[in-house]
Amino acid sequence: MTQQASPAVSNDPLLDVDNLVVEYPVGNKIVHAVSGVSLQIARGETLGLVGESGCGKSTLGRAVLQLRRPVSGRVLFDGQDLTAMHGDTLRLMRRRVQLIFQDPIASLNPRRRIGDIIAEPLIISGVKDSAKRQKLVDEALSAVGLDPALVVGRLPHEFSGGQCQRICIARALVLNPEFIVCDEPVSALDVSIRAQILNLLEEMKSRYGLTLLFIAHDLAVVKAVSDRVAVMYLGRLCEVGPSEQLFARPAHPYTALLIEAIPMPDPDVRPAETVPVGEPPSPISPPSGCRFRTRCPRADQRCSDEMPELRAVASGQFVACHHPLI
Amino acid sequence: MTEGTLLSVEDVIVDLPTPRGNLRAVDRVDLTIGAGRTLGVVGESGCGKTMLSRAILQLLPKRAKLSGRVMFDGQDLLQLSPEKLRKLRGRSLAVVFQDPMTSLNPVLTIGTQLIETLQEHLELDMAAATRRSVELLAAVGIPAPEQRLMQYPHQLSGGMRQRVAIAIALSCEPKLLIADEPTTALDVTIQAQILDLLAREQRRRHMAMILITHDLGVVAGRTDEVAVMYAGRVVERAPTPALFKKMRMPYTEALLAALPKIDAAPHTPLPAISGRPPDPTRPLKGCSFSPRCRYAWAQCHVEKPRLEESNSPAHQFACFRPIGTGAGAGA
Ligand SMILES: Nc1ncnc2c1ncn2[C@@H]1O[C@H](COP(=O)(O)OP(=O)(O)O)[C@@H](O)[C@H]1O
Ligand SMILES: Nc1ncnc2c1ncn2[C@@H]1O[C@H](COP(=O)(O)OP(=O)(O)O)[C@@H](O)[C@H]1O
Ligand code: SF4
Ligand code: SF4
Ligand SMILES: [Mg+2]
Ligand SMILES: [Mg+2]
């Protein structure tokens, strides 16, 4: 029912998510947080994931890492199905995948020293030699631009939001992972610090040869770091395509709306007064057919009767819409 | 105060006692805003935007020390009795905060809150106040307003709550609305709708507005004038088009450069501002931006630049080496 075509990016993707469904039971109702999402990320690629809050971005990121088990669907990481893994096999695999959160301060244990926080993943994964641990911790901290000697003995509250995000990135890097889900890593940061962290992520990516799933609700931020962008609405993908192409020629009405809504730092660009009306409906009872139809200026009968499938509209660009813009 | 000036903030200082010593949150700020005009106040978090707006509203923390003068609509706010201030804040001086729950009562319905405000300040009877409430909710884009009157704030989304807070702020036809990061916590799509709403109501009511934000993109198309704040001070101030056409203060330039550009290719490194703002309990002797400024020279570290005009009286900046001068940074 919720099958979507899977836009292939390469013959050997590092991550291959196939028809993923994630739900949350609340009372006797069900939140349809992710409803049949398929996507692939090539080795060394950054895939940006955008959409309004509540559309299921974090749920998707967490389900990819098996921090929330999906109801159905598969997550192939380097060819192996994570959804079928349990116990030690899953723990071993988790060394290769990491997560960075939006709220850097809240994601650090306030009572533990920075050195211990970063060493913890090493201990869990069985690095017993403490000298080796310290060396790895120092390397990770230096890599994110912090001086280990000044940092390891201190507590999280002694650091600003931007520094805490550096610490979180160091913690994610210490196990030398291949893949990182960055869940809105700069949304809570000021413009100037945001730029520092985005640059740092880019630098770490090339230094460690990382593959990233970069989640944000800000399209301009996503574009700055992503090779391709996936646009999500109410648990489903609307559009996937190469960043520049998607911005230059969005095919989905929702993508166009998101681009329109970006505040432009240019006084000659009078903000369009055509912007989006209303807010997304509840994922407990999503609209029939196309989930965007209650806000879409192009919606017609077909949009409520028939769910649009992802299909190619241009080279590498896929859209789920009955009446695309291109 | 000159003719047509609605608000003038003169040499305002806000000091806050902290365990680490005195924290000067607002440092000698001068601002004016004319009736029906919009002023954007932009700066990174912690630079004193909220303390400045609270100083205008006379809603500072108890221990705060305020000096200077705040003239609003011909009255010196520092001399008004608490009772008079309360009346003023309900009527001609209104505010919308980043978190709408700051101004909403969680245990009262939306209707009760709106109707009570209208009854108290405009002395409307119940029927008239109810009618007006429905009109206001419709004006701020809330669907099915009659039904919303019966709902509690927690039953609404963040964007809808902010709309209700705006409706309450607008209810008594204020002369000045202070909007303190009204959209920072919201999605871009909702942000665009709320900003449009504020702009529309501002024009329709010929109301003056101070729009506070950390995002230069938010003020660009929506204000007449912009004041950029850094470490408690106004460091550049200009008519909005002039500011974007020719920024003079290196901090303003850096703030703009650090924004991801929609038309830049992916993976273009962002010109980030290194370091972070100074600790406000340890004020610097020289220019507050000097540790982060790529144009700083010796004088910047020992002397504080004053906010001054150069060619155009409307464009002021606090910098020894302004961008675009022969000796300056842009040379
Ligand atoms: N633990 C949970 N229990 C119930 N509902 C949840 C839970 N986590 C998220 N949700 C709901 O699932 C939907 C998707 O949430 P989320 O993945 O956090 O979205 P996003 O990250 O895009 O903001 C939302 O409607 C949210 O309220
Ligand atoms: N209640 C308070 N007590 C002491 N210091 C405060 C208080 N509120 C804010 N501050 C400090 O005052 C400075 C200015 O804060 P604020 O006006 O909130 O900045 P902004 O709104 O620009 O983010 C900051 O250094 C902040 O830490
Ligand atoms: S399928 Fe219909 S409702 Fe959905 S985005 Fe396309 S035109 Fe709009
Ligand atoms: S005064 Fe000096 S340090 Fe301050 S902004 Fe100007 S050039 Fe930079
Ligand atoms: Mg999220
Ligand atoms: Mg503030």
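Residues are called buried under 20% relative accessible area, exposed over 50%, and partly exposed in between (1.4 Å probe, protein chains only). By that scale A:Ile326 is partly exposed, with a relative accessible area of 33%. The structure discussed here is a predicted model, in which local features need pLDDT of at least 70 and side-chain atom pairs count only at pLDDT 80 or more, while totals for chains, interfaces and linings use all residues. Residues are numbered from 1 along each chain as its sequence is written, chains are lettered from A and ligands numbered from 1 in the order in which they are written, and side-chain values use heavy atoms, with hydrogens and water left out.

A:Ile326 lies in the segment after β12 (317-319) of chain A; helices (H or I, at least four residues) and strands (E, at least two) are DSSP runs, numbered from the N terminus. A separation of 75 residues in sequence lies between A:Ile326 and A:Ala251, yet their C-alpha atoms are 5.2 Å apart in space. With contact taken as heavy atoms within 4.5 Å, and residues up to four places away in sequence not counted, A:Ile326 touches A:Arg249, A:Pro250, A:Ala251, A:Val313 and A:Gln317.

Elsewhere in chain A, A:Gln98 sits in strand β6 (residues 97-100). A:Gln98 counts as buried because its relative accessible area is 15%. Beyond its neighbours within four places in sequence, the contacts of A:Gln98 are A:Leu65, A:Ala172, A:Leu175, A:Pro177, A:Phe179, A:Ile180 and A:Val181.

We turn next to the two chains together. The size of an interface is often given as the accessible area lost when the parts come together. Here buried area is the accessible area (1.4 Å probe) that two parts lose on being put together, summed over both. Chain B and chain A bury about 3700 Å² between them, with 58% of it on carbon and sulfur atoms. Of the area that chain B buries against chain A, 19% comes from B:Val188, B:Ile262 and B:His267, more than from any other three residues. In terms of contacts, 45 residues of chain B meet 46 residues of chain A.

Between chain B and chain A there are 0 salt bridges, a salt bridge being a side-chain nitrogen of Lys or Arg within 4 Å of a carboxyl oxygen of Asp or Glu. On the side of chain B that touches chain A, α7(B) gives the most, with 8 residues.

In chain B, B:Lys261 belongs to the loop between α10 and α11 (298-302), and is partly exposed at 31% relative accessibility. A polar atom of the B:Lys261 side chain lies 3.3 Å from the backbone oxygen of B:Ala257, and one lies 2.5 Å from the backbone oxygen of B:Leu259.

Finally, the ligands. Ligand 2 is surrounded by 13 residues, the closest being B:Gly46, B:Gly48, B:Lys49, B:Thr50 and B:Met51, where a residue is near if one of its heavy atoms lies within 4 Å. An oxygen atom of ligand 2 is 2.9 Å from an N or O atom in the side chain of B:Lys49. Backbone N or O atoms also approach oxygen atoms of ligand 2, at 3.3 Å for B:Cys47 and 2.8 Å for B:Met51.

Notes
Polar contact = N/O pair within 3.5 Å; in protein donor to acceptor, adjacent residues only side chain to side chain.
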